[in-house]
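Please look over the sequence and the model below before reading on.

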Amino acid sequence: MAVTPDSSLGARSPEPLHDFAWNFAGRFLVFTGASCVTSYQVYFLMDRLGYSDDAVSGKVLVGTLAMVVATVTGSLLGGQLSDRSGRRKPYVLGSSLVMALSLALLAAAQSFGMYVVAVIVFGLGEGLYLSVDLALAAAVLPNPDESAKDMGVLNIGNALPQSLVPIAAPALLAIGGGGNYGALFLFGAIAAVLGALAVQFVRSVK
C-alpha cells in the first residue's frame with residue numbers, strides 16, 4: 001500500500017523547518033539581550049549612575065540619539081557588505097557578538113561616558129543584525145505560500161522577549177542585595193551569544 005504524504009504538512013519539508021526553527025531561536029535570544037538594554041536603561045541611569053527623575057530624561061535622549069545614529073550606520077553598512085559577499089550567517093554572528101559586547105560594557109559602566117559608548121556599540125550591532133537577519137529570515141521561510149504567516153511567527157521572536165525579560169529581571173537585579181545591573185546585562189550578553197551560535201545551525205544559507 002502506497003504511503004501518501006501527510007497533508008497537514010502542506011509544502012513543508014524537514015529541512016526548511018529545521019532552518020526556520022534555528023533562525024527563530026537565534027532571533028528570540030538576540031532580542032532577549034536587546035530587551036535588557038531598551039527596557040532598563042532608564043533605571044540603570046537612575047539607580048547606578050544616580051541621575052534624578054528630572055535629569056534622566058535628558059541623558060536618555062542623548063543616549064537614544066547616539067544609538068539611533070549608530071543603528072542607521074550599522075544597518076546601511078551591514079546590508080551592503082552582506083549583499084556584496086553573498087553571505088548572511090557571518091554577519092548575523094558578528095552583529096550578535098557586537099551586541100553582546102555592548103551589554104558587557106554596560107555591565108561594567110560606572111559613568112555616563114561609558115554608557116554612551118556602550119549604547120553606540122549596541123546600536124551598531126543592532127543595525128547590522130536587523131539588516132542581515134531579515135534577509136536570512138526571508139530565505140528560510142518554510143513555505144512561500146504562507147510567507148506572511150511565517151513572518152508573523154518570526155515576529156514573535158522579536159516581541160516576546162519584551163514581555164519575558166521584565167519577568168526575569170527582578171530576580172537578576174536582586175542578586176547580591178539589589179540593583180545588580182551587572183547580572184542583568186551579563187544575562188543579556190549570554191543570551192545574545194547563544195543567539196549568534198543558534199543561527200550557525202541554519203543549513204540552507206551561507
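## Overall architecture

How many helices and how many strands does the protein chain have? The protein chain has 6 helices and 0 strands, where helices (H or I, at least four residues) and strands (E, at least two) are DSSP runs numbered from the N terminus. From the N terminus on, the order of elements is α-α-α-α-α-α.

This is a predicted model, in which local features need pLDDT of at least 70 and side-chain atom pairs count only at pLDDT 80 or more, while totals for chains, interfaces and linings use all residues. Residues are numbered from 1 along each chain as its sequence is written, and side-chain values use heavy atoms, with hydrogens and water left out.

## Dimensions, surface and charge

Taken along the principal axes, the box filled by the C-alpha atoms of the protein chain is roughly 75 × 40 × 25 Å. The accessible surface comes to about 10100 Å², and 68% of this surface belongs to carbon and sulfur atoms; such areas come from the Shrake-Rupley method with a 1.4 Å probe, and for residues only the protein chains shown count as cover.

The protein chain carries 11 positive and 12 negative side chains, with the centres of the two sets 9 Å apart. Lys and Arg count as positive and Asp and Glu as negative, without His and the chain ends; each charge is placed at NZ of Lys, CZ of Arg, CG of Asp or CD of Glu.

## The nonpolar core

Of the 206 residues in the protein chain, 41% are buried (under 20% relative accessible area; exposed is over 50%, partly exposed in between, with a 1.4 Å probe and protein chains only). The largest nonpolar core has 43 residues, a core being a set of buried Ala, Val, Leu, Ile, Met, Phe, Trp, Tyr and Cys residues joined through side-chain atoms within 4.5 Å. Helices α1 (14–47), α2, α3 (89–108), α4 (112–139), α5 (147–173) and α6 (181–199) each supply at least two residues of this core, and the largest share, 10 residues, comes from α4.

Among the core residues with the most contacts inside it is L184. Not counting residues up to four places away in sequence, L184 touches C36, Y40, A169, L172 and L173 (contact means heavy atoms within 4.5 Å).

## Two individual residues

R27 lies in helix α1 and is buried, with a relative accessible area of 7%. The side chains of R27 and N158 are joined by a polar contact of 3.0 Å (a pair of N or O atoms within 3.5 Å; within protein, one must be able to donate a hydrogen and the other to accept it, and residues adjacent in sequence count only if both atoms are side-chain atoms).

L77, in helix α2 (residues 53–85), is partly exposed, with a relative accessible area of 48%.
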